[in-house]
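User: I would like to learn how to read pockets, helices and strand pairs in a structural model. Please take me through them in turn.

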Amino acid sequence: MTDNEDPKKEKKSKGTSKEVCGYPLSIFFIIVNEFCERFSYYGMRAVLVLYFKYFFHWDDDMATSTYHIFVALCYLTPILGAIVADSWLGKFKTIIYLSIVYAIGQVTLAVSAVHDITDGDRNGVPDNMTFHIVLSMVGLFLIALGTGGIKPCVAAFGGDQFGDHQERQRRTFFSVFYLCINGGSLLSTIITPILRAQECGIYSKQKCYSLAFGVPAALMVVALVVFIIGSGMYYKAEPQGNIMLDVCKCIGFAIKNRFKHRSKQFPKRQHWMDWSEEKYDKLLIAQIKMVLKVLFLYIPLPMFWTLFDQKGSRWTLQATNMDGNFGLLVIQPDQMQTVNPILILTLVPIMESVIYPLIKKCGLNFTPLRRMTVGMIMAAIAFVCAALVQLQIDKTLPTFPSASQSQLKLLNMGSNPVTVKLPDNDPLVLPAAQASDQFFTFEAESVSISIGSMTKTITLAKGRRQTLLIPSNISVVDWLLTDDLTSKPQEGNNAIRFVNGMNTTVNVSTPAADFGLIESLYYSNYSQIKNGKATFTLRSGSQSCEYSRDFGYGSSYTFLIPSTLVFGSNCQESITEAEDIKPNSVHMALQIPQYFFITAGEVMFSVTGLEFSYSQAPSNMKSVLQAGWLLTNAFGNFIVLIVAEIAKIPKQWAEYVLFASLLFAVCIIFSIMAYFYTYINPAEIEAQFKKKLDEDDDDKSQLQKEEVEMVKKESIKSHKDDTAKQTKM
């Protein structure tokens, strides 16, 4: 039997594929291909928003907007892939060609994350950021084209490998297929954030986004190779045409014909689709009417996806300001997304085998549309939880100066306490070798500061935070002002610097950073230190001592080396610390409730929605509904883009509340639409319609037979009359 021969006529085999335990051997290649492809996609997507934020140094809104444009494209291109596969190339060639495009895109994205390519001065920061941005955008476009294009093809291609006698094996295949999707998602969202957190580079060490994208790229290449290896075993159906094109043409003709006959002189028809009866089959028109009823219910659905897909953007960015220390385990911000696939694998069987049967036993009619409504409510509750968590985070965040303000902190480097008088503030007593507990905010650019009988006027920088270093000898002409951070350290690192209050030069170093030589009464630049314990070595000439401290996430400290420091084996008690920015103190575990509610909503909304849609549409219109479902997801991501870039809500918790309120409002609209919806059985309607058409055909045939009989009788009668006339003559 050839590859393109219809295998459903074959009793035992499918194409040239052998069977293993009743399953075609070819499907094992398809399952491995799907696992690798899903690992590649979700692994890349898990770290994408942090790549935009930390590698490109985009703000949260720009990173979020770009992320959701990419996700929207991934849900628009499946329609193109389905049309190409069904109308032109066939599923096999479409998967091959677009997988090549997909792999090229992944490799391109991985290359764009190599900072050494344009890092001419070898300081760890690319000199030509435009090159990296353009390269990554090209890679993301190719990925969207590839992953979206093969999305509707792979599952259907796997189903094609089974014959009619293998219905049970086909059902098992789809179960394993979707298990591979969630398995690939789960593993990739655990592994790629770990790879991202590593440091790599040729000349300078930075966060390893190239490795985090490179491993998914390698998995995509593996997926392509595995799929090609099984090529000789597949059954490859010829393209049969795409029903979506026929549906679009039929609807277009109906609209065009209705517009032509808009005058009142033409009688109205029962349904506007009836205006296509002049050209299209009545059965097709009836099937489209059934589909349009379901698509009408899809109108409010994008709002659910608006909230759902933000777990990969806004929620990940939220986690960057949280504490991921779980004791023995340290969770990266982008690893919190693993909660979703874990809960999916847990909640789906619980819902199907426990919750739904229990509700049914209670006598409640929990219809699919009601399940979807509850799922939308769950998603809205998830965003209320996210808003509450954000409020707790905001309490721990510092208040940075606006563009018209300046902030000042005081650090006494002397060995005696001093009393400082600041404008509009009470006198402040600064102990020896101590800093003020807070930053003072000023609207004026010049500030007069009095210490004892000495008064100096300090010029502050607008929109900046600064620390005034008060020397032990206050009569010194110039008092030093240091520039402090005006944002939390990125990627959960801690910004550390040292101030040397001694009369000699001091060298400070640690395995993670080298602060270099610090001049007397001067300060070092900030260095980034990871969370955990760090040990600093202080050297002055032949003398040295060590200072150790445990760090959390996202803090900033200034350490003062006092003039009274005595070098020895340990100088732990001598070093003074000033906390400029507090570490993240809100624990990531507080995000678990919002992940629970959004996942419960996904199970009740997404799984039930597809089940409902398929039950309400004719068998040959499933792809149309699949396209409509994917479009709701794409539109939902565009809504995020609109809110992030146009609304520009200053407080993140307020944005969460806005999204929750919008979904609650949409939920009310959807529940009203669902209340008036009448469930149908498309199979019965089609059967009745076909029966009616057959009866009409029988009536036409009977009428044609009667007309033929009448013609025969007339012919015989006419012949008899002619014979009689001839006899008379």
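User: Which residues lie nearest the centre of the second largest pocket, and how many residues line it?

Analyst: This is a predicted model, in which local features need pLDDT of at least 70 and side-chain atom pairs count only at pLDDT 80 or more, while totals for chains, interfaces and linings use all residues. Residues are numbered from 1 along each chain as its sequence is written, and side-chain values use heavy atoms, with hydrogens and water left out. On a 1 Å grid over the protein atoms alone, a pocket is an open set of points where a 1.4 Å probe fits, with protein on both sides within 12 Å along at least five of seven lines; lining residues have an atom within 4 Å of a point. Here 29 residues line the second largest pocket, and Asp-60, Asn-321, Gln-390, Asp-394 and Leu-397 lie nearest its centre.

User: How many residues of that lining are nonpolar, polar and charged?

Analyst: Asp, Glu, Lys and Arg count as charged, Ala, Val, Leu, Ile, Met, Phe, Trp, Tyr, Cys and Pro as nonpolar, and the others, Gly among them, as polar. The lining has nine nonpolar, ten polar and ten charged residues.

User: Is helix 1 largely enclosed or open?

Analyst: Helices are DSSP runs (H or I, at least four residues), and strands are runs of E (at least two), numbered from the N terminus. Buried means under 20% relative accessible area with a 1.4 Å probe, protein chains only. Because 17 of its 21 residues are buried, helix 1 is largely enclosed by the rest of the structure.

User: How do strand 14 and strand 15 run, and how many bridges join them?

Analyst: Two strands pair if DSSP finds at least two bridges between them. Strand 14 (residues 506-510) and strand 15 (residues 513-518) run antiparallel, joined by five bridges. Val-506 has Ile-518 of strand 15 as its bridge partner, and two residues separate the strands of this hairpin.

How values were computed: Buried means under 20% relative accessible area, exposed over 50%, partly exposed in between (1.4 Å probe, protein chains only).
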